[in-house]
Amino acid sequence: MTVKLTLPAQSKMLSQDFIYGVATASFQIEGGANSRLPCIWDTFCNTPGKVVDNSNGDIACDHFNNWQQDIDLIESLGVDAYRLSISWPRVITESGELNQDGVNFYLNILNELQRRNIKAFITLYHWDLPQHLEDNGGWLNRETAYLFAAYADKISQAFAGKVHSYATLNEPFCSAFLGYEAGIHAPGIVGKQYGKKAAHHLLLAHGLAMQVLEKNSPDTLNGIVLNFTPCYPESDSLADIKAAAFADDYFNQWYIKPLFDGEYPEIMAQLPKEHQPEILDGDMTIISHSMNFLGVNFYTRAIYRADADEHFLQIDAPEPRTDIGWEIYPKAFTELLLSLNEKFTLPPIYITENGAAMADKLVDGAVNDTDRIDYYQSHLNAVHDAIEQGVQVDGYFAWSLMDNFEWAEGYLKRFGIVYVDYESQLRTVKASGLAYKALISNR
Ligand code: FCB
């Protein structure tokens, strides 16, 4: 049982330049739903059967009202940086103008962070697409990419001088595949003919926004956040190895290869024409715009076997698992970073999310989440190992600052290093939060 987080004395992760942060996302924490336009997650939550506990984001952690106290909390953890996302439907009106009230909400936060010397890592899109855009086709409509760039243009001007880093998108895989192919995330559309089309428009949106950010905000670190679930074969058989490689191209490489190589993985040719994206002249050049950083989110791996009908079949995750059922397998984290570094010419990497859902219990005002500390320890070690082997990683963000709305799992899964009692909105720093704080301050 670990109660402390440590790193080898010579670790680069103990240098003062290595950035430690905590991360959140607008829809998951803010609430304040009446003060913004509706988004696709409001609609999804209000559709019976979509979210396990039938909850929604109307109040969430009520960060909309508690933001000052939450920034005190962030400061109390001693972190260097805070990764937050901007709610597009809060800051842009239906006619595409800035909504000054919404902008002010974030300006207040950015000013407070600046005053306390905490670097703001902004994500422009963490899945809360304005519903009126979905009504027009959402990410299946190419036009949405241009509207995203227009939003990025307005907001980066409004935030001038207050931001350390901009990520265009968070995890386009989740938006595209979970939202428009598997249908388990908003907007809940199902069909293989949709996923890759949505993905292409998301990546186009990213590239167009990169052009805007380079112009409006040349001094910030501009890039994207991708999630990776490395794919392993169930056995050494050639068939299983091929199945895992196909899954890797479909779920992981699909989102990174266009950014750095300007093309989709070769498996595209094996997909039926109607499942392929529509790529216009010049798109891949826009998409492969150079970046100042790559955000990497890592939680777990997946194991595949060959399948007669489909290209691959994912098998159940073995133990040990976290409370959300994801296997704890930190070795995949090191291997992922090494393989990305080998395949692509990368800018510096920031680990923009890593963390674990655990079945926390608040007992006598404390949460003794040693299981989560174990998870953090093994994954920090995994990052350290990758750095030792030559990967440039410049920062690490814990997911999440506090328990929050975990998408289709509602409020049942807790990822925070701070416990949230949703009735009272009381926050309690968990043992993992205290350990993270100690690691950072002992550098
Ligand atoms: C990631 C999301 C984040 C959070 C974690 C657990 O896929 O980016 O919002 O839900 O998973």
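Strand 7 and strand 10 run parallel, and four bridges join them. In that pair, glycine 295 stands opposite tyrosine 350 of strand 10. Keep in mind that this is a predicted model.

Eight strands close into it, in the order 1-2-3-4-5-7-10-11, with parallel pairing. On average, neighbouring strands of this sheet are turned by 25° against each other, direction ignored. In general, strands of a sheet pair through backbone hydrogen bonds, either parallel or antiparallel.

Now the helices on the sheet. Helix 9, residues 192-216, packs there and touches strand 3, strand 4 and strand 5. The direction of helix 9 makes about 165° with that of strand 4. Helix 12 lies across strand 5, strand 7 and strand 10, and runs at about 155° to strand 7.

Which residues of helix 12 are buried? They are Ala332, Phe333, Thr334, Leu336, Leu337 and Leu340. Among the elements they pack against are strand 6, helix 10 and helix 13. As a reminder, an α-helix has 3.6 residues a turn, so residues three or four places apart point the same way.

Last, a loop residue. Valine 52 lies between helix 2 and helix 3. Is valine 52 buried or exposed? Its relative accessibility is 54%, and the cut-off for exposed is over 50%, so valine 52 counts as exposed. Beyond its neighbours within four places in sequence, valine 52 is in contact with Ala408, Glu409 and Leu412.

Key: Residues numbered from 1 in each chain as written. Predicted model: local features only at pLDDT ≥ 70, side-chain atom pairs only at ≥ 80, totals over all residues. Heavy atoms only, no water. Buried < 20%, exposed > 50% of the residue type's maximum accessible area, 1.4 Å probe, protein only. Helix = DSSP H or I, 4+ residues; strand = E, 2+ residues; numbered from the N terminus. Contact = heavy atoms within 4.5 Å. Pairing = 2+ DSSP bridges. Axes fitted to C-alpha atoms, helices over the stretch in contact; angles between N-to-C directions.
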